[in-house]
Amino acid sequence: MTGRWDFDVAVVGGGPGGSAAAAALARRGHAVVQIEKTTFPRFHIGESQLPWLNGVLAEIGATEAVAAAGFVQKWGAAFGAGDADIERYADFARAPEVPEPQTVQVPRERFDQVLLDHAAACGATVKQHCQARRAKFDPDGVDLTYETADGGEATLRVGAVVDASGRYGFLARTFGQRNSDPELRNIAVHRQYENVPRRDGRRAGDIRIFTRADGGWFWLIPISDRVMSVGVVLPQTAYRAVAAGRPEDTLDAVTRATPNVAALLANANAVSEARFEADYSYLHSLQAGDRFVLVGDAGAFLDPIFSTGVLLAMQSGVEAAAAISAGLRDGDLSARRFRAFERQVVRRYRHFRRLVVGFYDPAFRDLFLSPSSRLGLFEAVLSTLAGNWRPSWSIRWRLWLFFALVRIQRHVALAPRHLEATSAAASRTFLEPAGDPSSPRLAETGDGRT
Ligand SMILES: Cc1cc2nc3c(=O)[nH]c(=O)nc-3n(C[C@H](O)[C@H](O)[C@H](O)COP(=O)(O)OP(=O)(O)OC[C@H]3O[C@@H](n4cnc5c(N)ncnc54)[C@H](O)[C@@H]3O)c2cc1C
């Protein structure tokens, strides 16, 4: 209790962004309540992490807790073509400005539980099976009403609210607007399998990405000793060409049409249902207001090709905590106090977005998959892929040059044109749907399930 409020801050959402904010606030000595609508463990997509997450985990004191969970070690990412013998390995140990190259692949139900427990261990009051319903703002505080586990309602008086409710967007739906990214209108279908072969040794835990000639791509992420998370992301038009009645059928059809993935899944057994994720990639028109801040997916979401989601969510959670803590100290939690936070979130989002949008450009893929590496251009891209959102000038000019070459590659072939070479074969198989092509209903929910 803090006198005029029950808690200094209420954090809505028990995902990585919410737990980072709650832990960071509690470690600064603030009274925090964290409200999560489900009861953990719960399924969530988003398993592959980036080396720069290590710094965030250290900042909230969660390094040991995450290490103790024994997650699969990830040292890099292999990018290959789905229908040709081409591969480019992104080895994080070669990435400049990356302090610790090793990161983890996680079943999110366990990872999120570890982080939520850590927030509680730091002193946050965690309430599960409680859904935030309404927030009433006035000049002196916020009345936050939530549905309790037994179906009743309760109200807490708090100084500020962190909306870390993911794509549900508890406050984001009320304040400002969600601007979908017209260049990233993609759809994902995914499922977990056992009995998928892995590489040996240090590369056994790496993510594998396989590109498709229609602009889509597959991920294979080893999330435990036995389970592989497999998913495909397709531009909407490509998706419509293959959509079958059930997500399972769609995934099977696209897998069959991607020879290198089909070979890896030849003896695989599905151990989960298949799920859709649609309508992602957006930047909210604001990231904060009087007495509230948006964190993670609530404020911005970027297509997952480079596994940036959890890093972005947790980094913004830590920064939101710092901004709110300073506001509490100075007795000023107005929107004005959060401007620097907002600018930082947007700048970081745009930094990664440039690469993500680039990946859907065949010219970018040509250069990216090309084995030559001059002037350290690939290493500059690699550093960003490892999560480096504060690149030095030395990385920045190389990225600039890389994108200049991408523009040239659109007109003059500096590197082999992989997509042109393979698209005819790929589209032949791709357009053999497994069932009646139809568009299943794609509804978005707050916890990432559709
Ligand atoms: C297809 C796909 C693949 C992805 N792959 C990756 C990847 O490999 N690596 C990666 O880093 N990211 C990945 N992501 C992104 C990642 O899933 C998210 O960016 C990340 O989970 C964001 O964390 P968050 O804490 O903001 O939100 P979430 O993790 O969504 O947490 C929000 C929480 O809020 C709770 N909640 C919602 N509404 C309320 C309410 N009203 N009251 C109380 N609680 C509420 C929800 O139950 C949920 O637990 C992927 C995303 C997609 C769509």
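H129 sits in the loop between β7 (125-127) and β8 (131-138). Helices and strands here are DSSP runs numbered from the N terminus, H or I with at least four residues for helices, E with at least two for strands. The phi of H129 is near 55°, a positive value in a residue that is not glycine. Most residues other than glycine have a negative phi, and most peptide bonds are trans. The other backbone item is the peptide bond from F40 to P41, which is cis, with omega near 0°. P41 is in the loop between β2 (32-35) and α2 (53-59).

A word on the source. This is a predicted model, in which local features need pLDDT of at least 70 and side-chain atom pairs count only at pLDDT 80 or more, while totals for chains, interfaces and linings use all residues. Residues are numbered from 1 along each chain as its sequence is written.

On confidence: pLDDT is the predictor's confidence in each residue, from 0 to 100. The protein has a mean pLDDT of 91, with 92% of its residues at 70 or more. Over residues 421-450, the pLDDT is below 50, and this stretch has 72 contacts in the model beyond near neighbours in sequence. A contact means that two C-beta atoms, placed from the backbone, lie within 7 Å. Where pLDDT is low, the predicted coordinates should not be read in detail.

Now the domains, whose bounds come from an automatic or database domain assignment. Domain 1 covers 7-71 + 107-180 + 281-350, and domain 2 covers 74-105 + 186-278 + 361-450. Their centres, taken over C-alpha atoms, are 28 Å apart. Domain 1 puts 26 residues into the contact and domain 2 puts in 30 residues.

Next, two helix pairs. Axes are lines fitted to C-alpha atoms, for helices over the stretch in contact, with angles from 0 to 180 degrees between N-to-C directions.

How do α8 (residues 309-330) and α9 (residues 339-359) cross? Their axes come within 10 Å and cross at roughly 165°, so α8 is roughly antiparallel to α9. The cut-offs are under 35 degrees for roughly parallel, over 145 for roughly antiparallel, 65 to 115 for roughly perpendicular, and oblique for the rest. On the α8 side the contact uses L312, S316, E319, A320 and A323, and on the α9 side F341, Q344, V345, R348 and Y349.

The second pair is α11 (residues 377-385) and α12 (residues 393-409), packed at about 110° with axes 8 Å apart. That angle makes α11 roughly perpendicular to α12. Among the residues that meet are L377 and V381 in α11, and I395 and F402 in α12.
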